[in-house]
Amino acid sequence: FAGTESALSERNPLVNETVLSGDLGVAGNRNDNAYHIITITDPLSKIRVDGFRIRFGNADGTGNEANGAAIWIENTAPIIANCRFEDNTATGDGGAIAVAGTAAPFIQQSTFINNSSTANGGAIGLLGGGYRLVQSTFINNRALNGAAIVMGAGSYANLTFQGNQATEKGGAIWLQGGAVLLANVAFVGNRAQEGGGFFGQG
């Protein structure tokens with residue numbers, strides 16, 4: 001907000017940014033950054049994360065602290081909207097977001113740029129549960145498998161995947177199993193050894 005608005009609809013998060021940064025301690029030193037910038041685990045919560053720029057998380061710990069450098073979501077169903085995820089890294093799954101347990105977040109109208117995982121899901125990793133994803137863009141994310149996202153069964157619509165790169169499978173998407181519906185999805189210049197745009201199994 002600029003401070004002059006009188007209604008939520010007047011907000012312009014692209015012009016008036018609110019930044020959530022994991023860059024703790026020594027500025028620019030990724031080694032002391034936060035494992036998770038946001039943690040959402042209360043199954044009774046009705047949380048909406050809306051309009052933030054979320055960057056520089058570094059999930060390089062052990063257990064859950066290796067996954068979801070920007071947001072760790074477990075056993076709950078938040079709404080993630082109008083967010084921009086940049087330069088988050090994980091040694092486990094989900095460079096930006098990790099979904100676990102029985103979680104079922106709804107991710108919409110968000111952008112994921114330059115996030116990476118040395119395992120699966122450079123932007124979004126799936127360790128359990130599932131998620132809905134619409135109207136979002138993934139650019140230059142990297143991972144072993146699923147350079148942009150790891151997905152399960154479900155419907156996904158109005159997405160763009162550009163310039164993402166996986167070392168092995170799924171230059172944009174790695175489908176772990178189940179039936180999936182993709183509607184109005186664009187793949188541009190994604191790369192992998194198997195499935196430059198999409199790799200499905202199971």
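User: Hi! Starting with Arg-48: does this residue count as buried or partly exposed?

Analyst: Arg-48 counts as partly exposed, at 47% relative accessibility. Buried means under 20% relative accessible area and exposed over 50%, with partly exposed in between (1.4 Å probe, protein chains only). One note before we go on: this is a predicted model, where local features need pLDDT of at least 70 and side-chain atom pairs count only at pLDDT 80 or more, while totals for chains, interfaces and linings use all residues. Residues are numbered from 1 along each chain as its sequence is written, and side-chain values use heavy atoms, leaving out hydrogens and water.

User: Good to know. Which residue does Arg-48 meet in a salt bridge?

Analyst: Asp-50, with 2.7 Å from N to O. A salt bridge here is a side-chain nitrogen of Lys or Arg within 4 Å of a carboxyl oxygen of Asp or Glu. Asp-50 counts as buried, at 16% relative accessibility.

User: Why would such side chains pair at all?

Analyst: Side chains of opposite charge can pair when their charged atoms come close.

User: How many salt bridges does the count come to?

Analyst: The count comes to 4. Glu-17 and Arg-53 make one of them, with their closest N and O atoms 3.2 Å apart. That bridge links distant parts of the chain, 36 residues apart: Glu-17 is in the segment before strand 1 (18–21), and Arg-53 is in strand 4 (residues 52–55). Strands are DSSP runs of E, at least two residues long, and helices are runs of H or I, at least four, numbered from the N terminus. Glu-17 is partly exposed, with a relative accessible area of 40%.

User: And which residue does Arg-84 bridge to?

Analyst: Glu-86, where the closest N and O atoms are 2.6 Å apart. Arg-84 is partly exposed at 31% relative accessibility, whereas Glu-86 is buried, with a relative accessible area of 8%. Shared partners join Glu-17, Arg-53, Arg-84 and Glu-86 into one salt-bridge network.

User: Changing topic. How many residues are in the largest nonpolar core?

Analyst: It has 34 residues, and those with the most contacts inside it are Ile-71, Phe-85, Ile-97, Ile-124, Tyr-131 and Ile-149. Elements giving two or more residues to this core include strand 6 (71–74), strand 10 (97–100) and strand 18 (154–162). By core I mean buried Ala, Val, Leu, Ile, Met, Phe, Trp, Tyr and Cys residues joined through side-chain atoms within 4.5 Å.

User: What is Phe-85 in contact with?

Analyst: Setting aside neighbours within four places in sequence, its contacts (heavy atoms within 4.5 Å) include Ile-54, Ile-71, Ile-97, Phe-112 and Asn-115.

User: How many aromatic pairs turn up?

Analyst: A search of the whole structure finds 5. Tyr-131 and Tyr-156 form an edge-to-face pair, 5.8 Å centre to centre with 75 degrees between the planes. Those two are 25 residues apart, with Tyr-131 in the loop between strand 14 and strand 15 and Tyr-156 in strand 18. Phe-138 and Phe-161 are stacked instead, at 5.0 Å and 10 degrees. Phe-138 is in strand 15 and Phe-161 in strand 18, 23 residues apart.

User: What are the cut-offs for a pair?

Analyst: Rings of Phe, Tyr and Trp (its six-membered ring) pair if their centres lie within 6.5 Å; planes under 30 degrees apart count as stacked, over 60 as edge-to-face and the rest as tilted.

User: Phe-138 and Phe-161: buried or exposed?

Analyst: Both Phe-138 and Phe-161 are buried. Ring pairs also link them with Phe-85, Phe-112 and Phe-187 into a cluster.
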